[in-house]
Amino acid sequence: MGFPRFVLYSFVIISLLFPHFCFSQIIFKELPGYKFNYSEKDLLDITETRSVISLDGKWQVYAANDKEQKKIVVDVPSIFEGDGILVFEKAFSLSKEQISNNEFKIYFLGLNYSADISVNNVIIYRHTGGRFPFNIDLPKDIIKFDRYNILSVKLNYKADAENTIPVKQGFLLPKNYGGIFGDIYLQLFPNIFINDPDISYKYDPRSNKVKFVLSSKIENKDFVTKDSLGGNDLLDLKIVFQSASGGSSSVQDQSFQLNRNKEKSLTEYFELSSPVLWSPSNPQSYNVSFNLYRNGRLIDIVNRKVSVYSITPSKESLLFNGSNFTIEGVTYIPSNYEYGSMLTIDQMEKDIRLIKESGFNCIRFSKIIPNPYYLVLCEKVGLLAFVELPLNLIPGKLSRDPNFIQRSQNYLNNFIKSYKRYSVIGAVGLGSSYLPGVESQINLLNSLADLTKKQIHALTYASFAKFNISRLDNLDLYGLEFINALPNQFHSQILDLKTELGAGSVFISDATYTVNAGNSDGYVNKYTYEAQASYFDQVIDYCNSTPLSGYFLNTMFDYRGEYSSLITGYNKENIYHIGLVGEDRENSRLALKVVSAKLHNSEKVTIPIGSKKDDAPMIFIVFGIVLAILFSGLINSGRKFREDTSRALLRPYNFFADVRDQRLISGMQSNILAVLIAAVSGLMISNLLYYLRDNLFFEKTILAFGSHGILKTINYLAWHPVLSILWLSVASFIILVFLSILVKAGAFFVRNRVYFSSAYFTVIWSFLPLMLLIPVGIILYRVLSADVGNTYVYLALILFTLWIFYRLMKGIYVIFDVNAGSVYFYSLLLIALVFTSTIIYYEMSNSVIEYLQITLKLFNIL
């Protein structure tokens with residue numbers, strides 16, 4: 001039986017009443033020895049007529065709200081940890097000749113999150129948010145040749161529950177840092193130039209022909225040459241296709257005149273028979289050269305790589321270049337220890353090479369925007385790329401908010417604009433963890449799919465957390481998410497989807513298995529590396545026996561996350577142990593060996609079965625026995641205390657009346673009893689936390705509050721039962737003292753005098769029944785792990801808690817000597833006020849109600 005939600009929420013709210021508050025500090029992290037390869041012509045558009053000037057290196061940085069502008073020097077690319085608005089400044093110089101003979105663009109390969117970009121105190125661009133690369137035209141009238149020019153980036157980074165993409169409460173998101181984490185460079189190109197040519201095509205496998213549409217815009221910004229292109233001056237655009245083997249084909253030239261400060265859009269249609277096709281097994285591409293001539297003299301060249309292939313979902317399978325094709329993919333989230341997604345060029349190349357050598361034919365950049373150099377590498381080595389928006393489990397209310405919809409559409413527009421030129425992108429993803437039953441989510445998905453189809457000739461896909469999916473007009477592929485669950489557990493639903501959508505449109509977008517128990521002697525022990533290997537082995541076997549369009553195993557490498565995940569185990573660095581390979585890139589994990597052998601169709605790797613190990617901590621038994629011995633000794637320490645214990649348990653009214661009348665009660669023995677009660681409380685809560693440590697619903701519920709500090713604290717306690725008992729016992733004792741102070745404070749509103757000792761004794765002895773739970777604390781985890789009658793166990797614990805609350809209320813109205821109804825009323829009112837204020841606080845700061853609602857829908861509770 002699953003854990004009752006009302007019990008879970010009660011525990012979470014109690015935890016949230018004691019949050020950590022601290023001021024964040026900006027901490028910069030620079031990647032040692034980083035140097036970008038500025039000879040990478042496929043990425044940077046470097047040709048005979050175009051060059052770049054690097055703006056990486058030393059930048060000056062200061063806080064935007066610092067009137068004194070105290071500056072520090074920081075290397076770019078770099079990242080920072082913390083929230084804030086910072087101003088980055090870089091001085092650069094250009095000669096008079098460079099300014100006269102060239103136009104300029106500034107390229108940013110990645111910053112996070114939003115930014116105002118200015119040159120010489122003139123704002124030239126407002127980046128509304130997102131990690132995708134972009135470029136900006138640099139107006140020549142604001143740059144100087146006789147002094148340094150100042151490029152300024154006013155960057156704002158703060159993760160938010162509603163106003164950023166991704167949202168703060170995204171599940172298993174990679175660590176999100178602020179900063180300028182991508183390279184920056186200035187591109188110089190002629191005054192008469194080809195502006196961002198576009199290549200689209202359609203390959204027909206039946207006729208073996210490809211039809212290209214080549215679009216380009218020629219602009220004349222030549223204000224230096226007198227009578228620019230006047231008289232008989234002609235411009236000629238020549239487009240040449242060159243294959244990897246050296247063969248070339250030319251498109252018919254276009255000749256025209258163009259006056260200064262004018263532009264001309266040109267479209268060419270070109271057909272090739274028997275083209276050289278790109279495929280994962282034969283990654284050959286065409287180099288397309290756009291050449292602009294002026295009176296026979298070459299003045300501008302732009303080169304583009306284009307990979308020719310077709311990918312089409314059919315009713316029976318996914319077709320690639322007209323043949324059946326199975327996606328054998330892995331998700332990839334770039335992660336480099338504490339440097340986040342910043343990797344050196346060498347590291348990027350090694351990662352992509354390892355993925356290819358492991359046997360995968362597709363790569364999905366999941367939950368993150370990739371550096372464009374990854375796409376250049378994928379095209380070279382033969383990995384079909386799936387890229388996507390980092391939208392994850394968006395609440396229903398947020399997904400119908402017009403501002404969020406517009407923000408998502410703007411993000412998608414800029415995203416497509418940034419990556420449209422990379423033909424290796426086989427599909428564009430529109431987010432993950434969609435719920436088909438949430439109408440507003442599906443409406444948002446529909447609008448994004450429609451927008452995508454209008455701008456790029458790639459497949460569209462989305463990933464779904466539940467499988468009651470209906471066909472959407474502009475969505476081509478439907479991904480299914482599995483976490484620690486095998487597809488064969490949902491076989492009937494998958495068959496229904498194949499019938500409804502077609503086998504070629506359904507794929508496993510996320511097959512995730514969390515490892516939190518390390519190595520063991522076999523896969524029968526859950527959440528071990530052996531169990532992970534067995535899980536991926538079964539996923540691949542299922543896809544082979546139940547043809548879908550394919551699968552993506554999640555993920556290639558362990559990575560560091562935005563929050564401390566319970567289900568992946570506790571560690572200070574928030575490392576998510578779900579990868580085929582560790583963060584250190586050592587290829588020793590059994591899962592990689594098993595998967596690679598299957599993909600290469602080589603000798604099967606044996607996965608040991610092992611023997612089931614008992615994971616119940618001995619500390620629960622030992623600590624419980626010690627408590628039982630101590631309590632037994634305390635009971636037998638004197639006849640008076642034994643009688644007080646009996647009377648407090650069986651006749652509480654009479655006992656609390658004695659407390660009110662200041663009759664003799666041993667303070668020392670009561671203090672010892674308080675310590676024992678706190679220890680039993682710590683033991684019980686530690687049992688519950690240890691049982692819930694790999695509960696997905698528990699994690700997502702706490703995540704909904706958006707407090708990563710609280711989640712990390714709970715995670716630490718859940719995975720460290722010894723220290724958990726200690727700290728929870730201390731916390732329980734502090735709560736007992738706090739309740740005593742609260743009762744004493746309430747005494748100011750009654751007529752009779754109430755001493756603090758009376759309030760203290762009342763609270764401590766009200767909790768006396770907790771001592772009866774010592775045997776329960778010894779065996780509770782084992783009982784819950786047996787998963788037999790758990791609901792009755794939780795119900796009994798709830799009733800027991802209510803009994804203690806009733807005893808406390810009785811003790812208060814006895815020592816206050818007032819009507820019982822008033823004590824119950826004001827106590828419940830106080831509890832309601834604390835609960836409501838907590839929810840309001842987290843709703844105002846992190847939209848907790850919306851995220852709780854979507855979590856409940858995800859687990860079929862609403």
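Analyst: Axes are lines fitted to C-alpha atoms, for helices over the stretch in contact, and angles run from 0 to 180 degrees between N-to-C directions. Helices (H or I, at least four residues) and strands (E, at least two) are DSSP runs, numbered from the N terminus. The model is a predicted one: local features need pLDDT of at least 70, side-chain atom pairs count only at pLDDT 80 or more, and totals for chains, interfaces and linings use all residues. Residues are numbered from 1 along each chain as its sequence is written, and side-chain values use heavy atoms, with hydrogens and water left out.

User: Why are α12 and α18 called oblique to each other?

Analyst: The axes of α12 (residues 618–635) and α18 (residues 721–746) cross at roughly 40 degrees and come within 9 Å. Angles under 35 degrees count as roughly parallel, over 145 as roughly antiparallel, 65 to 115 as roughly perpendicular and the rest as oblique. The pair α12 and α18 is therefore oblique.

User: What makes Val 119 buried?

Analyst: Buried means under 20% relative accessible area, exposed over 50%, partly exposed in between (1.4 Å probe, protein chains only). Val 119 has a relative accessible area of 0%, so Val 119 is buried. Val 119 lies in strand β8 (residues 114–119). Leaving aside neighbours within four places in sequence, its contacts include Phe 92, Ile 106, Leu 138 and Ile 150. Over the whole chain of 862 residues, 57% count as buried.

User: How do you know that Cys 362 is in no disulfide?

Analyst: A disulfide is a pair of cysteine sulfur atoms within 2.5 Å. The structure holds zero disulfides. For Cys 362, the nearest cysteine sulfur belongs to Cys 378 and is 9.9 Å away. Likewise Cys 378, whose nearest cysteine sulfur is that of Cys 362, is in no disulfide. Cys 362 is buried because its relative accessible area is 0%, and Cys 378 also counts as buried at 0% relative accessibility.

User: What is the largest nonpolar core, and which of its residues touch the most other members?

Analyst: A nonpolar core is a set of buried Ala, Val, Leu, Ile, Met, Phe, Trp, Tyr and Cys residues joined through side-chain atoms within 4.5 Å. The largest one has 260 residues, and Phe 212, Phe 241 and Trp 765 touch the most other members. Helix α15 (residues 667–692) gives the largest share of this core, 13 residues. A second, separate core of six residues includes Leu 31, Phe 181, Tyr 339 and Met 342.

User: Which residues of α14 are buried, and what covers them?

Analyst: In α14 (residues 652–660), Pro 652, Phe 655, Phe 656, Ala 657, Asp 658 and Val 659 are buried. Their cover includes α13 (639–650), α19 (756–766) and α21 (790–816). Just after α14, Gln 662 takes a positive phi of about 60 degrees.

Technical notes. Contact = heavy atoms within 4.5 Å.
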